[in-house]
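Hi everyone, thanks for coming. Today I'd like to walk you through one structure, piece by piece. Have a look at it first.

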Amino acid sequence: MPRQRPIRPKMQRATDNLRADHVLTERALGALCAIGQQVRAGGPFPAADGATLLRYLRDYVVGVHFRMEAELLGPALAMHGSDATAMLVGDVMRMQDEAADLVLALVVFWEPDGALPPAEQAGFADTVALLCQRLRRIQELEENDLFTTCEREVALDDQLGWCADFAQLERERGTAASWAERLAAIAARWSGR
Ligand SMILES: [Fe+2]
């Protein structure tokens, strides 16, 4: 009887899950930047799309993705990597704290009736631009350096354990798959603007 090949789990490496999250976050940032430009130009503040994007950033990016990187990836890299890697981990964690503060700052601007006072339009747009710049820089540093170092230095068995922790955190705070559906509709509305 022929031996069945074992089914290889999708996304075996934790870093692959984190990279997939970055694709999702870039989709959200594209829409958020378009909203920021509309608001800067004096256009209406899209309350429903803005609320969903802010919830995604707060609940998933900060609440799940950053936590995964800060509690699992960062400590492992600091232990197994070089001094330069440990310093880069510290820099990225500080940038994540700044990004989390900017997400909270954006929540303050949210207006349920879609009318952002003129005095706050520029503040909202500036905060959006800064957040997008920070998040893109964090993702660039992680993908170009930290993730590849992790794949080289951290055993796959350890990463499999992380995937289980990651799945548990997602169950508690909303899965990437559930956010992907909601974000696809928003990204389609705001693409090309
Ligand atoms: Fe990340």
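**Helix α4 and its surroundings**

Let's begin with α4, whose buried residues pack against α1, α2 and α3. A few terms before we go on. A helix here is a DSSP run of H or I with at least four residues, a strand is a run of E with at least two, and both are numbered from the N terminus. A residue is buried if 20 or more other C-beta atoms lie within 10 Å of its own, exposed if 12 or fewer, and partly exposed in between, with C-beta atoms placed from the backbone. Two residues are in contact if those C-beta atoms lie within 7 Å.

Please keep in mind that this is a predicted model: local features need pLDDT of at least 70, side-chain atom pairs count only at pLDDT 80 or more, and totals for chains, interfaces and linings use all residues. Residues are numbered from 1 along each chain as its sequence is written.

Back to α4. This helix has 36 residues and reaches 51 Å from its first C-alpha to its last, close to the 52 Å expected (that is 1.5 Å times one less than the number of residues). At Glu142, α4 bends by about 45 degrees, the bend being the angle between axes fitted to the seven residues ending there and the seven starting there. Glu142 is among the buried residues of α4, as are Leu146 and Phe147.

Now, which residues does Arg19 contact, leaving aside its neighbours within four places in sequence? They are Glu143 and Phe147. Arg19 is partly exposed because 15 other C-beta atoms lie within 10 Å.

Beyond four places in sequence, Ala28 is in contact with Leu53, Tyr56, Leu57 and Leu183.

Finally, the whole chain: six helices and zero strands, with buried residues making up 34% of its 193 residues.
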